[in-house]
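This report describes how two protein chains are built and how they meet. The sequence and the structure are shown first, and the account follows them.

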Amino acid sequence: MYAYIIRRLLMLIPVLFGVSVVIFFTLRIIPGDVAQTILGTDATEDALAQLRKDFGLDQPVMKQYFSWMGGVLVGDFGESMRTGRDVLPDILNRFKITFELAILSAIISWIIAIPLGVIAGIKRNSKTDFTVRIISLLGVSIPNFALATVLILVLALTFSYSPPVGYVGFFEDPIKNLQILILPAIVLGTAMAGAVMRMTRSSILEILRQDFVRTIRAKGAKERLVIFNHALRNAMIPILTIIGMQIGVLLGGTVIIEQIFSLPGLGQLVLTSINQRDFTVIQGAVLFIAFVFVMINLLVDLLYSYLDPRITYK
Amino acid sequence: MKDFTQRLIEDKVGLIGFIGIFIVVLLAIFAPLIAPYEPDEMFTNHVMEGPSSQFLFGTDEFGRDIFSRIVYGAQVSLQVGLIAVSIGAIGGLIFGLISGYFQGKLDQVIMRIMDVFFAFPDILLALTIVAVLGPSLTNTMIAIGIVFMPVFTRLVRSAVMTVKENEYITNAQAIGVRPSMIIIKHIIPNIMAPFIVQITLALSGAILTEAALSFLGLGVQPPDPSWGMMLNDARAYMEFGPWTILFPAAAIVFTIFCFNLLGDSLRDLLDPKLKQ
């Protein structure tokens, strides 16, 4: 098992290396002078030269890449071209918010999706099943930004409620923190719930058809036991796979949702830096998100063997 | 094929999706005939008016007719959907065929590159590409196409590897049929089922991504009407005119929902395991 984890971690190195190459060189394709873009057209030649020197833009591209990567490997992501602040501390601070939002959304989605999916699977072709299928398909089809906008509109019109602005950390004021995060988490959670619900339903259907379930039933086990101890546990593998895949959607979704709810998370940082063409921040943040994403996928893979002892990794 | 069409008609869910998509396609093709006004025509005396017989879905903050903008917006959505998915699907087909049929080192290289692209969440990759190319309709299509390529590559590759094991392929190879002929005549027709399902699902994904990018101001640029952009523009005024939000949102949800209905039903129909 440990050998497997280590091998998987080693396999991440070329992927992350690839990500860094893609992100760094794609940003360098942008036509025009980076210094000019940042300082504007009325900047003096001296100021331009100074900026180029400060950020190593006067160096050959390969050298720029290696000096950036060299920094990244020791935890130095460079400085923002706009604010001059260190990139990594900014990323980590904002990631806390995005991470909390993602966890909260995931929990909401499981609370909705797994029970409903199980019920739909057990009562196949019933009215309940049909309703759940329509709800889940709607969940997949409603874009999170549309849901967020309509939700804010409805709350404003019916309860004159508008979501709180700004952010307070969980440990500073847990209640205020939850008040701020609950709406965005509901929006992201319901979108994710659709996909998880569908997968839960179809895997429960699949498992209930199998011989071992018939044997357990024949032995007189209570239906509740059959569902929870046997069917659901076996259905968890595909459910977990879809959850792993949804994490990427979730991380991407935070970019838009943080913008709508003015949450100062990592997604908002990416968007602001893209709009400001702050390359050091864009490349640092995107690399960081990709890193988190592949790590989560690895964790999901490792969870498989915990849930299904038949799966062993060598 | 006849059997397939028959079954699609019998499966009501898929049929509803198909009819819905057909309506959106008609709206897009006949937009100049259906829309009562030009999408960017401003009626300065009718700013932020609610739905009426003159303006079916009301007007926006510039006095533009929302119904006409939604009808023309269908053109943008479908255009982005079709072209972006074509880029992703054709690219994915080529790479997937090469990877799956020839395997070996080339396969390794292609798949590792795709792994790199898989390490980005979709919308983030699209955002970065648009950031580099600059926001515009064309660049939105290119960005979404690139984002979708790895999914198609993986799908085609695994389908090819399954089909390749069949005896008729080995026989064709044994009698010396050229690889290009084997791929075109025997492999491609046999991987079409999952490929078509993926195209339907990717279409809904592409339309959604375009709406999201335009919502963020990084997709389609004014004056082209995009549903996502309309939604974002309306946010500032929504309490004074809920219709400015509700109709574009409904258009996005309706279109994506119909594509998903069709995709779902196609997947069930084409999956031999679920046939009984």
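## Basis and overall fold

Helices, of at least four residues, and strands, of at least two, are taken here as DSSP runs and are numbered from the N terminus. The model is a predicted one. On that basis, the secondary structure of chain B amounts to eleven helices and zero strands. Read along the sequence, the pattern of chain B is therefore written α-α-α-α-α-α-α-α-α-α-α. Along the principal axes, the C-alpha atoms of chain B occupy a box of roughly 75 × 45 × 25 Å.

Chain A has twelve helices and, again, zero strands. From its N terminus on, chain A runs α-α-α-α-α-α-α-α-α-α-α-α. The corresponding box for the C-alpha atoms of chain A, taken along the principal axes, is roughly 85 × 60 × 35 Å.

## The interface between chain B and chain A

At the interface, 36 residues of chain B are in contact with 44 residues of chain A. The two chains bury about 3,500 Å² between them, and carbon and sulfur atoms give 83% of this area.

Which residues form the salt bridge between chain B and chain A? One salt bridge is found across the interface, and its partners are B:D264 and A:R198, with the closest N and O atoms 3.1 Å apart. As for polar contacts, the count between chain B and chain A is three residue pairs, both residues of each pair being at pLDDT 80 or more. On the side of chain B that touches chain A, at least two residues each are supplied by α5 (104-118), α6 (122-133), α9 (179-215) and α11 (243-270) of chain B. With eleven residues, α11(B) gives the most to this side of chain B. By class, the residues on the side of chain B that touches chain A are 28 nonpolar, three polar and five charged.

## A loop residue of chain B at chain A

B:E239 lies in the loop between α10 and α11 of chain B. Leaving aside residues up to four places away in sequence, B:E239 touches A:L153, A:A156 and A:L157.

## Salt bridges

Over all chains, the count comes to ten salt bridges. One of them joins the side chains of A:D129 and A:R201, at 2.7 Å from N to O. This pair links distant parts of the chain, 72 residues apart: A:D129 is in helix α6 (residues 127-141) of chain A, and A:R201 is in helix α8 (residues 174-208) of chain A.

## Cavities

How many cavities of 30 Å³ or more are there? The count comes to two. The largest cavity holds about 80 Å³ of space. Its lining consists of B:D60, B:E61, B:R64, B:I66, B:R69, B:M230, B:D233, B:A234 and B:T244. The elements that give two or more residues to this lining are α4 (66-102) and α10 (227-234) of chain B, and α10(B) gives the most, with three residues. By class, the lining of the largest cavity divides into three nonpolar, one polar and five charged residues.

The second largest cavity contains about 40 Å³ of space. It is lined by A:F95, A:T98, A:L251, A:T254, A:L266, A:G267, A:F288, A:I289 and A:V292. At least two residues of this lining come from each of α5 (87-122), α10 (223-260), α11 (266-275) and α12 (279-307) of chain A. The largest share, three residues, is that of α12(A). What classes of residue make up the lining of the second largest cavity? Six residues are nonpolar and three are polar, while no charged residues are present.

## Summary

In the predicted model, chain B has eleven helices and zero strands, and chain A has twelve helices and zero strands. The area buried between the chains is about 3,500 Å², and one salt bridge is found across their interface.

Methods
Residues numbered from 1 in each chain as written. Chains lettered and ligands numbered in written order. Predicted model: local features only at pLDDT ≥ 70, side-chain atom pairs only at ≥ 80, totals over all residues. Heavy atoms only, no water. Contact = heavy atoms within 4.5 Å. Buried area = accessible area lost by both parts, 1.4 Å probe. Salt bridge = Lys/Arg side-chain N within 4 Å of Asp/Glu carboxyl O. Polar contact = N/O pair within 3.5 Å; in protein donor to acceptor, adjacent residues only side chain to side chain. Nonpolar A, V, L, I, M, F, W, Y, C, P; charged D, E, K, R; others polar. 1 Å grid on protein atoms, 1.4 Å probe; cavity = no way out; pocket = protein on both sides within 12 Å on 5 of 7 lines; lining within 4 Å. Points joined across faces, edges and corners; volume = space filled by probe spheres on them.
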